[in-house]
Structure formats: C-alpha cells, structure tokens
Amino acid sequence: MIIRSKIKLVALIGAILSVVSILVHLLLAKYSTEDWVIYKTDTIADLYLTFGGQVRYRRLWGPVQSLEALQPHASPRNKYPVPKEQNNGYIYAKIYGGFGKIRSSICDLVAIARLLNATLVIPEIQESTRSKGISSKFKSFSYLYNEDQFITALTNDVIVVKSLPNSLKDARKENRFLTISPKSSASPSFYINEVLPKLKQSKVIGLVLTDGGCLQSILPPSMADYQRLRCRVAFHALHFRPEIQALGHQIVGRLRTMGQRYIAFHPGLVRETLAFHGCAELFQDVHTELIQYRRKQMIKRGNIHEQLRVDSVSRRSNGSCPLMPEEVGHLLHARGYPPNTLIYVAGSELFGGQRVLIPLRSMYNVVDHTSLCSKKELLNLLGPETPLPSNLSNPPPSKTEAQLIEEWKKAGPRPRPLPPPPARPYYQHEKEGWYGWVSETDKEPDPSPMDLRSQAHRLIWDALDYIVSVDADAFFPGFHNDGSEWPDFSSLVMGHRLYKMAPAVTYRPNRKTLTGLLDGIRDNLYHPKRNWTVAVREHLNKTLGIEGLITQSRTSRPSSFLSHPLPECSCRTFQVSNPVKGRDGEWLHGGEDMCPDWMLHDLISQRSNALKDDIIVDDPEDDVYPEEQPEYVSGGGGRMDGSRQSEQDEEMDPDD
C-alpha cells in the first residue's frame, strides 16, 4: 500500500509539472515579440484587405511626415508667352546612350529649343535606329515614347514637329547643316553666344548628345521657369507608348492583388558603372576582366582620368561601388521588413547574372517583369520583328553517293587510317557575348546584330521597370547618381517619386555609412547584434526625410536636375521655420513657394477621402524609437488633435 501511494504521488506530481510546463510554453508563445508581431501583422492585413482597404505600417510604408507639405507644382510662375510659328529655325538631334541618358537628354533639348526660340524636331534614339530587324511599327522616338502626347503636352512651351520640312530633308541627308556635340555641362550663354547666330544663319542646327544631356543641371534663379519646363517634359509630356504603359500598370496591379505592398529595388550593377568607379575586384574571373576591359576603353575616350588598376576595396569603402543584393537583403531585414515582403527587382541589366540575386531570393519573395508577365505579353511590346541570320557557321553540303565513290577511287593505298571525328559544333553562347572572346583575344568584337537588337529591347524593359518603380510603395537603390556620373535609372526614379509623391518611402542611403556598418559584422551577417540593427534603422530612417533630401541636393542635383527637382518644381502647404541654404546661397531645404489656394482646397478634399480608405498602425518595433514624434494622420499635415505638425525634422542640423 505504501509503495502504491508513492507511485500515485509521483504520478500526480509529474502530471502537475507537465501542465505547468505546457502553460509556460503557451504564455511564452503568446507574448513572444517576434511570433506575436508576425501573427498580428498577418491578421490585421488579411482582415482589412478583404474589405478592399489598405493597412499601412507607419515606419515601413510611410507616409514620411516631414515631407507631406511638398506638392508637385511645375507650372510657370511668371509671364510665359506661347511660342510663335515664326522663329529662328529648327533643331534636330541624335541621342546616344541607354534609358537614363535618353530621358535626361530629351528634357534638355526642349529647354534649349525654348531658349533659342526654335522648333524642335522629335529627336532620334540611336539605340533603336541602328538596331537591325526591329519592328517597323515603332521607329526611333516612338519605339519608347508616345509622339502625339509629347507634341500636345508641349504646345504652350515649344513647337514640336515629327520631321523637317521636305525642302530641308535633302540638305540634311547631304550633311549641309552644322552639327554640334555639346557637353552635358554646356551653359545657357554657350547657346546664346555660339549656337544662336549659326541657327539664324542656316535655319537648321543638328545636335549629337552622348553624355546624357546638353544643358548644365543648375541654372540661375532667373531661369527657374526653364527648370520647371524640364519637369513638365519629364513628368507630364514623356509618356511611354500605350502598349508599354498598359503592361506596366498591369504589373503594378498584379503586385497589388497579391495582398501586400512591395519594394522596388534597383541593384545598379551595370558594367559601365562598375568600370567607371573601379569596382572590378568585387567580382571574380571573367567578370573582372570584362569590367577592366570596359574601364580601359573609357580611359582611352577620356571619360576617366585615372589609372586602369585601382583598389576596389577602398573604392567600396568610400561608397563608390553598388551595394550587393545580399547586403541590401540584410539592410531591409534590419529595417524590419518581414520575409514575406515582395521585392520587385528593376533594371534590365544585372552584371553577374541571376546568381548574384540568389542570397536575396533566399531572404525575400523576389520577382521581376519576367515572372509577372507571360512571354506573349512581352513579345507583343516588341512588335513583329524580322528574323536575324544565325551567327553559327553553316555545315558543308552533304556529298552525293557518286562524289563519295569518286573520292574513294582517288584516295591513296589501302589500308587507310580512319578519318578524324567531326569538329564539335559551336553553340550560340560561344559565338555571342562574353565567352567567345575574353579568353582568346584582347579585343572585344563589335556588337552583333543580335546584340544591337538586345540593346533596343533593354529600353523597353527599363521603361516597364520605371513605371513599376515610380508607383512602388517603397524604393531602394543599390546605387544611385552621386554627382560623379551621368544620369542613371535609380536617380531618375528617385527624382520622379520626389516630384510626384514626396512623402512616399524612398530610401536615399549613404553607401559609405552602410558599407562601414556591413564590414563591422561581416562574420556575423545573419546574426547581427541588436545595436547594429538599431544603427541601420536610424540611418535608413534619416534618409527618408529632410536629412536625405539635403544630402541628395548636395550630391545628385549638380549633375542631374531631374534627380532632385527642388525647389523649383514643388510648392508647400506651409512654410518651414528653419530653411537651409548651401554655401553658394542655393536652397537645400525649404525654398519652395507656397501652394496656390485652388491646390490647397483640392488637397483638403483628397485627404478627407484618403482617411476613409487607409488604416495606419504602429510598427511592431516602434519601441526602438521612443524619442520620435507621435503618430500623424495619413496624408495630413497636422496632428490627430488638430494642432500643427511639429517642425522637429526641419530644424535638425543637416551636418549631424
């Protein structure tokens, strides 16, 4: 009996301990920060999106409160006469380069035509005109943009025609007209003093643009309306042709129907960029040789005034090289984006291939236009194309039986050795691209017809990615224009988003700072310490607001106005209390005009409608920033209690 009582007691104690253990585990699971956050996020989003609403996490998806006062306003401010038919002549142009150079050059051309009181002939995009066998349905400018929309939108600014008059076409074919190749830093006085007299004399002037523009980025304050003209061209007149726009908006719609917001990420891993900044040693083997070959070419052309071989590690530490996709994945994870976040990879060129995206794909849900569109949809954008001749060598014609017998009779004495086996056929990838020449010769072959066609196709893929990136809920550039290179894709997207929707989440990372943070935990990238995560979040959070704009104004604006179209192309719903000027007196922050009354009235009605559709909730990690401002209403400029928004961000020291 005593033994049985002890067994029962032990069993009872064991049962009690089991129950206690289960309760402890349940409590830990319930109040575990990470698990609770994921459950809370998914539950709120799923329930509310079921009814067609939107859930916004304040720090991950915006809006950025300190920029909500900025509104797009690129209309002329002063007396602005409409162009007349009688003017000084015609300007036609040829534009060389990729997507970014084309877009920037067109905006400069319109400003020059207005400055010289000339008629602009729709420019020729050489990436498409020199390609063989592309669709005859789209030629030159119309291969990418809508010609009719371009002409109509600029009616009050510049007279635009599709071609020269018939009486002047023959003279152009015979090269009778003067052709000028201006630099992207050409000043207005250059055109007034040098080009205008020649234009009045010959009535036609040709321009060849290769540097991504033909007019200096920063113009004097007296020419602010020319800056606004650039904005009207870039953000209102330059519409992609309807087929591209339709598919681009379909991609955005397909991303939205997945039930969550998405980040657009442009890696910036372009061969020219890597060669220009000396980032060859970030790659290995054949990729390093390819970058160095392109750098050697750029040195010969005078684009680079440096040595061929540089220390890529120091260049990367200075922030001159793009961030690798794996590093961006760790930064986004530290920022607080969950693993199920959609990341749309933009950019038609990714040097190194898809293998460099493997680490990012292991961390996030990564998509691009090829995974969101069918092959038929993409081919429809290209139109009917004539087949190109194959680069493969044609096999010799087969011999007839009589020829074989005749050769046998003429052959030498028997026995004869067996003939050698037939040579291995060359595959297409061995004849085109990198593999066929980099290990056998020191000179890169001229582009094949297929290469030229691929360059033209790349313009269309960049246009699709541009639409998706501008409309994205957040944009993160792996590399963007920092004032030392031509206009690039990321800088143009950042400028467009700043103009169209300034409060949207657009990261402007300081690569030097982030590289230092990443190097500090290189051995523990996947298990960083808490203080490292906080440092990354604080830096990325600062780049979203006033501090990021001031930095971008100092770096990107001097080389590309479209990358930072402030203060000329925006207005404010209220003035800041502490505006910031640069050393030369230029506005870095707070120099925008006040918005007109009609715009303020429209904004009030839009915000009231937006409040009905959006829910803003605190981020799961809001406790990391206890010192920051309280929550604001979505789309508004004031607090929830009706008081005016604090100017804390505007009053920060830009050099902190």
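How many residues of helix 24 are buried? Of the 10 residues in this helix, which spans 546-555, 7 are buried, and the helix is thus described as mostly covered. Buried here means under 20% relative accessible area, with exposed being over 50% and partly exposed in between (1.4 Å probe, protein chains only). Helices (H or I, at least four residues) and strands (E, at least two) are DSSP runs, numbered from the N terminus.

Before I continue, a word on the source. This is a predicted model, in which local features need pLDDT of at least 70 and side-chain atom pairs count only at pLDDT 80 or more, while totals for chains, interfaces and linings use all residues. Residues are numbered from 1 along each chain as its sequence is written, and side-chain values use heavy atoms, with hydrogens and water left out.

Let us return to helix 24. Among its buried residues are Ile546, Leu549 and Ile550. The elements that cover the buried residues include strand 2 (70-72), helix 21 (489-500) and helix 23 (530-544), together with strand 15 (580-581) and strand 16 (587-589).

Two strands pair if DSSP finds at least two bridges between them. Strand 9 (residues 262-266) and strand 12 (residues 474-477) pair in the parallel sense over 4 bridges; Ile263 has Ala474 in strand 12 as its bridge partner.

Finally, the disulfides. The structure holds 3 of them, a disulfide being a pair of cysteine sulfur atoms within 2.5 Å.

Cys231 and Cys569 form one, with sulfur atoms 2.0 Å apart. Cys231 lies in helix 9 (residues 224-237) and Cys569 in the loop between helix 24 and strand 14 (570-572), 338 residues apart. The torsion about their S-S bond is about 90°, so this disulfide is right-handed.

A disulfide also joins Cys279 to Cys321, at 2.1 Å from S to S. Here the torsion is about -100°, so the disulfide is left-handed. Both Cys279 and Cys321 are buried.

Cys571 is joined by a disulfide to Cys595, again with an S to S value of 2.1 Å. This link is right-handed, with 90° about the S-S bond. Cys571 is in strand 14, whereas Cys595 is in the loop between strand 17 (593-594) and helix 25 (597-613).

With the bonded cysteines numbered in sequence order, the pairing reads 1-4, 2-3, 5-6.

Note on methods:
Contact means heavy atoms within 4.5 Å.
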